[in-house]
Amino acid sequence: MKIRKLFKILVLGGATLGLGHCGGGATPSPGVGTNPDSGVNSGNPNPDAGSPGGRGGPVGW
Amino acid sequence: VSELARAAWTSRFAIETEATTRFAELARRLHASGAPADLADLALRASRDELRHAAHCQRFASLHGAAALEPKTHLVEYAPGSLSPSQRLLYEVVAQCCVAETQSTATLVTLLSAAKGTELKAVLQELARDEVQHGRLGWAYLAWIRDRQDLRFLGALLQPMIAGSAGPDMFNPVSPEADSQELLVHGVLPLSTRQQLYVETLETVILPGFAEFEIDTTAARAWLQSRCQQAAHPNA
């Protein structure tokens with residue numbers, strides 16, 4: 001398989017996923033789904049959250 | 001070769017067990033942020049997938065002589081703590097799905113085409129199928145969030161994000177042992193193939209993907225070019 005085909009499968013294929021309805025229950029409250037900071041508790045309570053410059057997840061394979 | 005294969009499957013076990021926790025956390029945060037339920041569900045499913053993957057990795061590590069493995073459950077966020085909660089969530093999804101899982105998909109389909117044993121082939125097929133969904137989750141989230149959030153901040157952060165995904169060994173000088181074609185039989189890419197695939201996936205899938213979303217890839221491309229030059233001329 002040509003690796004560049006993954007662009008179509010993942011990037012373009014992903015763009016059509018999950019755009020149907022908002023989360024947060026069957027009747028989302030006003031604003032939920034339109035303002036990404038409006039969700040409750042969307043931050044990570046983990047005390048190890050964050051690194052100064054950011055980093056990435058290792059590729060396992 | 002067996003020692004390298006054992007180390008690879010052991011490392012994969014640790015990464016897969018951590019990904020179980022990471023995707024569960026992403027599912028919670030996606031749900032809480034009001035993202036489409038389909039995406040939160042996809043993250044939850046990914047968490048379960050990773051648990052299954054970890055079991056496969058444990059089995060193959062044991063076959064290569066690994067002792068009992070401890071799961072890695074302690075989660076450290078990838079995103080800089082200075083970002084807003086929504087930016088941090090976006091960073092996490094992009095780092096995990098658009099970068100790491102997209103790279104993993106490329107590796108798995110490459111391994112699959114070279115695999116010989118029936119059991120290994122079946123496992124790689126199962127994992128590749130799952131990883132496609134995990135990668136798509138990130139690109140789907142970007143497609144949804146682009147009209148709701150300014151994505152430009154990611155441009156300056158792509159370089160450390162991508163460097164982190166490479167890990168410390170990706171651009172190591174290639175030794176004959178690390179480049180043995182026999183590794184493929186054990187489900188591990190020879191190092192030079194791994195390096196080429198990593199670069200190709202960045203150049204033809206991940207960075208063009210970010211460009212689709214108008215995220216500036218200049219710094220990430222410059223970093224990649226410099227790493228490739230260093231790998232080609234280690235003594236320069």
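This is a predicted model: local features need pLDDT of at least 70, side-chain atom pairs count only at pLDDT 80 or more; totals for chains, interfaces and linings use all residues.
Residues are numbered from 1 along each chain as its sequence is written, chains are lettered from A and ligands numbered from 1 in the order in which they are written, and side-chain values use heavy atoms, with hydrogens and water left out.

Let's start with the spaces. On a 1 Å grid over the protein atoms alone, a pocket is an open set of points with protein on both sides within 12 Å along at least five of seven lines, whereas a cavity is a set of points where a 1.4 Å probe fits but cannot get out; lining residues have an atom within 4 Å of a point. Grid points are joined across faces, edges and corners, and a volume is the space filled by probe spheres set on the points.

The largest pocket has a volume of about 560 Å³. Its lining has 22 residues, and nearest the centre lie Ala7(B), Ala8(B), Ser11(B), Asp169(B) and Arg194(B). Helices here are DSSP runs (H or I, at least four residues) numbered from the N terminus, and strands are runs of E of at least two. In chain B, α1 (2-33), α5 (153-166) and α6 (191-212) each give at least two residues to this lining, with the largest share, six residues, coming from α1(B). Sorted by class (Ala, Val, Leu, Ile, Met, Phe, Trp, Tyr, Cys and Pro nonpolar; Asp, Glu, Lys and Arg charged; the others, Gly among them, polar), the pocket lining has 14 nonpolar, five polar and three charged residues.

The largest cavity holds about 80 Å³, and its 13 lining residues include Gly60(A), Ile15(B), Glu101(B), Ser104(B) and Glu131(B), which lie nearest its centre. Two or more of the lining residues come from each of α1 and α3 of chain B. By class, the cavity lining divides into five nonpolar, three polar and five charged residues.

Now follow α6(B). Its end C-alpha atoms are 30 Å apart, which agrees with the 32 Å that its 22 residues should span at 1.5 Å a residue (the expected span is 1.5 Å times one less than the number of residues).

Is Thr201(B) buried or exposed? Thr201(B) is buried, with a relative accessible area of 0% (buried means under 20%, exposed over 50%, partly exposed in between, with a 1.4 Å probe and protein chains only). Setting aside residues up to four places away in sequence, Thr201(B) touches Ile3(A), Thr102(B), Gln103(B), Ala106(B) and Ile206(B), where contact means heavy atoms within 4.5 Å.

Thr107(B), in helix α3 (residues 85-114) of chain B, is buried too, at 5% relative accessibility. Beyond its neighbours within four places in sequence, Thr107(B) is in contact with Trp61(A), Leu189(B) and Leu197(B).

Finally, Glu214(B) lies in the loop between α6 and α7 (218-232) of chain B. Most residues other than glycine have a negative phi. Glu214(B) is not a glycine, yet has a positive phi of about 60 degrees. At 65% relative accessibility, Glu214(B) is exposed.
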